[in-house]
Amino acid sequence: MSAPVFDHIPIVAARGSTWRRLLADPLGRFGLALVFAIVLTAVLADWIAPYNPTRIAIPEKLSGPSLSHFFGTDQLGRDVFSRVVVGTRIALEVALVAVTLSVIIGGVLGLVAGYGPRGLDNAIVLVFDTVRSFPTIMFALALVTLIGPSLQTVIVVIVASFAPGYGRLVRTQTLSLKQAEFVFAERALGAGAARILAVHILPNVIGPLLILASMDVPVAITIEAGLSFLGFGVRPPTPSWGTVLNDGYAFIGNTPWIILAGGLPLVLSTLGFTFLGEALRDAIDPRLRKDP
Amino acid sequence: MLLYSARRIGLALVIILCAVALLFGMIYLVPGDPASVALGPLATPEIKAAFRARMGLDKPIAIQFVTFLSIVFSGDLGIDVFSNRKVSEIVLEALPYTIVLTASGIGWAIVLGIPLGCWSALHRGTWLDRVSGIFAVAAIAVPSFVVALYALLVFAVALNWLPAIGAGEPGHLGDQLAHLVLPSFAIGLGWVGYLARLVRASMLEVLGENHIRTARAFGLSERRIVLRYALKLAVLPTVAVLGIGIGHLLSGAVFAEIVFARPGAGKLVYDAVVTRNYPVVSGTVLVTTTLFALCTLAADLIAAWLDPRVRASL
């Protein structure tokens, strides 16, 4: 017997704000620092990148890492470091727009399904389950074949894979809140459905929804980079981590630095957002924690 | 249990039907003309009209839908635009590769993830437990296609320990296994982390229960308690999760097949997307989605069989 197993109920600090609990967690601090660095890179990308990321210089093509090109150059002589730095902006923009849209669409549909009539509820849940029944990448590939690759396609794919999950969460919460006494009281006072949903139910479901959404940011970044890697996302010559990886893959035998450079920010950002998301979830609501 | 099974199977069938309808509907729901997308900007109106006639796109939607359904349920899933072969033949040729790859990915997760989770639970609170926890989160977070690319770079290109591309010589088991190691590791790594977390949590829960305390009071060795009594219970929740996991693993398999140039459903659908071969894309998507739905169904039924509380939730 090496460790006591009877005390596995998480002990929640009674005092201290969410913020303090977040900073008390070393992984939370690490995640926060990484995310801060990534956001800063995206905002200051134009100043940080030493070259124009789309500037072609054939004579310098596929040169190794050096002081003038930290991560070397690609097959068109473009500076890989600059492409990765500016790619940060694309990654964050797509993730932010797509996750926000998913929260709005999933949230509204979830509220309607949970509060509306039974038939409407069943119909919306069936739509959620149908969209969720496709493996994300398969749905993405079917969509790309029909409407062609673009940034909008990537955003539609992300929304389709996130919104049903958010909708289900909001629906479940709304269904139980609908039976709450304060909602009955409000209805007795003559409040309409819109007022009850907006003023009384929404504030109660938004917390868990935002926690879930914040943990999906790295997944959104991964989907964008993945589709761009396949050539179905961001259109060239726009720099994205995925397109840098794609360039590197073509020359993996002799120029490994392009793949290393394209993958590194992806690894750092998914780690940063995941660590921050987990620490945030534990800090806001320790009951949501999956493992004690 | 019978009622639950019947309802759950019915729901799965409805969802598969809806998925078929959605795949069909997507052709019309999405903006743009399929003929223009397939043929490119240089196609003349005559070529586009001929393409529409050939694909049946000039008929009323209702008739097209019935045709589509009859193609799906006749089992041949339509005809490949380029090779004129049945789509079902092409998909069934590719699918076994993907199933083997996915199963091997789960294999990595079971072989590494479950022991890691147990070990963490038994060393709860030590720094080793903490390190394995961080490893688990990191393994879940890092995109599988980046793992695939880095594994390819390190173990195939730089060190030359394992083969880089293809699925190996047919009939040569050792060669095929060698080709399987890197891609299955790439798609399985996230699930190693996931299973480790899940097993650790459920193991801690199980170890706190009365029958384990009784076993301990009888003086059984810790090893025997964990392996004979606790592990069996602690592994149960993973069954339900693995069903959903198949979907993620399939997504990972698409990337792994492309990175390692392996034949399979992922490579097939990718090549079909590049050539805008919609019958092959929709056929493959349909087959993999059905497979995914069946795996989720199987996992739900097993979970309900193991735990009566689940049955009440549908």
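What we have here is a predicted model, in which local features need pLDDT of at least 70 and side-chain atom pairs count only at pLDDT 80 or more, while totals for chains, interfaces and linings use all residues. Residues are numbered from 1 along each chain as its sequence is written, and chains are lettered from A, and ligands numbered from 1, in the order in which they are written.

Let me take the two chains in turn. Chain A has 11 helices and 0 strands, where helices (H or I, at least four residues) and strands (E, at least two) are DSSP runs numbered from the N terminus. The C-alpha atoms of chain A fill a box of roughly 75 × 55 × 40 Å along the principal axes, and 47% of its 292 residues are buried. Chain B has 13 helices and 0 strands; its C-alpha atoms fill a box of roughly 85 × 55 × 35 Å, again along the principal axes, and 38% of its 314 residues count as buried.

Now to contacts, by which I mean pairs of residues whose C-beta atoms, placed from the backbone, lie within 7 Å. In chain A, residues 24 or more positions apart account for 69% of the contacts with a separation of 6 or more, and in chain B, among contacts between residues at least 6 apart in sequence, 72% join residues at least 24 apart.

How many residues does each chain give to the contact between them? Chain A gives 48 residues and chain B gives 55 residues. On the side of chain A that touches chain B, the elements giving two or more residues are α5 (118–132), α6 (136–147), α9 (193–230), α10 (241–250) and α11 (256–284) of chain A. That side divides into 31 nonpolar, 13 polar and 4 charged residues, where Ala, Val, Leu, Ile, Met, Phe, Trp, Tyr, Cys and Pro count as nonpolar, Asp, Glu, Lys and Arg as charged, and the others, Gly among them, as polar.

The C-alpha atoms of A:Ser214 and A:Leu96 are separated by 9.7 Å, although the two are 118 residues apart along the chain. Leaving aside neighbours within four places in sequence, A:Ser214 is in contact with A:Gly277 and A:Leu280.

Helix α10(A) is largely enclosed by the rest of the structure, because 8 of its 10 residues are buried. The buried residues of α10(A) pack against α4, α9 and α11 of chain A, together with α7 (144–158) of chain B.

Not counting residues up to four places away in sequence, B:Val269 touches A:Met138, A:Leu141, B:Val281, B:Thr284 and B:Val285.

Helix α10 (residues 222–259) and helix α11 (residues 265–274) of chain B pack at an angle of about 75°, with their axes 7 Å apart; axes are lines fitted to C-alpha atoms, for helices over the stretch in contact, and angles run from 0 to 180 degrees between N-to-C directions. The two helices, α10(B) and α11(B), are therefore roughly perpendicular to each other, a label for angles of 65 to 115 degrees, whereas under 35 counts as roughly parallel, over 145 as roughly antiparallel and the rest as oblique. Where they meet, B:Ala253, B:Val254, B:Glu257 and B:Ile258 in α10(B) face B:Gly266, B:Lys267 and B:Tyr270 in α11(B).

In the loop between these helices, α10 and α11 of chain B, lies B:Ala261, which has a positive phi of about 45° although it is not a glycine. Is B:Ala261 buried or exposed? B:Ala261 is exposed, because it has 12 other C-beta atoms within 10 Å.

Conventions: Two residues are in contact if their C-beta atoms, placed from the backbone, lie within 7 Å. A residue is buried if 20 or more other C-beta atoms lie within 10 Å of its own, exposed if 12 or fewer, and partly exposed in between; C-beta atoms are placed from the backbone.
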